[in-house]
Amino acid sequence: MLKLHQYKFREEYTYYMLQALKEGEREGFRKDFLNLHPSDQTDFFLTLDHQRRERIYTLLSPAEFGEIFSELAPTRQKNIIQELDQTYAVEMLNDLPSDDATDFFGLLSHKQADFFLDRMEKEEAEDIKHLLAYPKGSAGSLMTTDIYTIDGADTVMKVLNDLRLMTSDAETIYYLYVTDHNKRLLGVASLRQLIVASAEQLILDLMSSKLIAASPDTPRAEIVEIIKRYGLLAVPVVTPDNKLMGIVTFDDVV
């Protein structure tokens, strides 16, 4: 993945992408563009006029464009969504992480939100409605429900094999949360721990049960303090009976 941090390199790379875009060189443009870091993709997108943006939408899949959409400022998101074909927009929203999608829906009127929610996949729409019900700035409104959980009775080898085959949209797998059959949070293991552990070791013997968690109504400021104090990348959000609801990641609050 490239980062356009050098001025001359940025200028030259941008020139070739613009040429490919102008001449309709689909594969050439996609190769160069998708090789960029998402923040640089967004910077490039923001330099384009309406006509060139329209061309971008035909060259990128809804999921690929969603990476850019998530990086845009809220006011820009509201403008860009109006440019998108309705079917394309709905597919893109289906693919967004639940927390990013919820942030966007929080910008819309009830009528606008209902328009998209009625056309989205049922499970995705229900997740967003659920998150929108929490007070703005609370852990419940900030969390993502796209999380990957594991069984404590599994071996390290099984979990690593499952991760290799995983098709989940989980936002982060650096922390692996261990839950029981009732979705109650039992412990956590890091991906680093799994990599250095014995293949036959049980997750129950590896995990840490000393958990730092938040409730859905925990204020954002408190989450920030928890992350800073304990050096965490994510904080699990649990119900009063310790059922895992989601996680708030570092980038969700910073």
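## Helix α8, mostly tucked away

The buried residues of helix α8 are S98, D99, A101, T102, F104 and F105, where buried means under 20% relative accessible area, exposed means over 50% and partly exposed is anything in between, using a 1.4 Å probe and protein chains only. That makes six of the eight residues of α8 (residues 98–105), so the helix is largely enclosed by the rest of the structure. Helices here are DSSP runs of H or I with at least four residues, strands are runs of E with at least two, and both are numbered from the N terminus.

A word on what you're looking at: this is a predicted model, in which local features need pLDDT of at least 70 and side-chain atom pairs count only at pLDDT 80 or more, while totals for chains, interfaces and linings use all residues. Residues are numbered from 1 along each chain as its sequence is written, and side-chain values use heavy atoms, with hydrogens and water left out.

## The chain as a whole

The chain has 16 helices and five strands, and its C-alpha trace spans about 60 × 45 × 35 Å along the principal axes. Of the 254 residues, 44% are buried. Now for contacts, meaning heavy atoms within 4.5 Å: take those between residues at least 6 apart in sequence, and 59% of them join residues at least 24 apart.

The accessible surface comes to about 14,300 Å², with 50% of it belonging to carbon and sulfur atoms; these areas come from the Shrake-Rupley method with a 1.4 Å probe, and for residues only the protein chains shown count as cover. As for charge, the chain carries 27 positive and 42 negative charges, and their mean positions are 4 Å apart. Lys and Arg count as positive and Asp and Glu as negative, leaving out His and the chain ends. Each charge is placed at NZ of Lys, CZ of Arg, CG of Asp or CD of Glu.

## Aromatic rings

A search of the whole structure turns up 15 aromatic pairs. Rings of Phe, Tyr and Trp (its six-membered ring) pair if their centres lie within 6.5 Å; planes under 30 degrees apart are stacked, over 60 edge-to-face, and the rest tilted. Y15 and Y16 make an edge-to-face pair, 5.4 Å centre to centre with 70 degrees between the planes. Y15 is partly exposed at 47% relative accessible area, and Y16 is partly exposed with a value of 47%.

F45 and F65 also pair edge-to-face, at 5.3 Å between centres and 65 degrees between planes. F45 sits in helix α3 (residues 38–46) and F65 in helix α5 (residues 62–71), so this pair ties together parts that are 20 residues apart in sequence. Both F45 and F65 are buried. Elsewhere, R119 lies over the face of F115, 3.8 Å from the ring centre; a charge sits over a ring if NZ of Lys or CZ of Arg is within 6 Å of the centre and within 35 degrees of the ring normal.

## Loop residues

Y174 lies in the loop between α12 (156–165) and β2 (175–179) and is partly exposed, at 35% relative accessible area. Leaving aside neighbours within four places in sequence, Y174 is in contact with A189, S190, L191 and L233. Y174 and R192 are 18 residues apart in sequence, with their C-alpha atoms 7.7 Å apart. D154 is in the loop between β1 (149–150) and α12, and counts as buried at 17% relative accessibility. Not counting residues up to four places away, D154 touches V159, Q201, L202 and I203.

Most residues other than glycine have a negative phi. K183 has a positive phi, near 70 degrees; K183 is in the loop between β2 and β3 (185–190) and counts as exposed at 59%. N242 also has a positive phi, about 70 degrees. N242 is in the loop between β4 (234–238) and β5 (244–249) and is partly exposed, with 30% relative accessible area.

## A125 in helix α10

A125 is in helix α10 (residues 122–132) and is buried, with a relative accessible area of 3%. Not counting residues up to four places away in sequence, A125 touches L117 and M120. The C-alpha atoms of A125 and N94 are separated by 8.0 Å, though the two residues are 31 apart along the chain.
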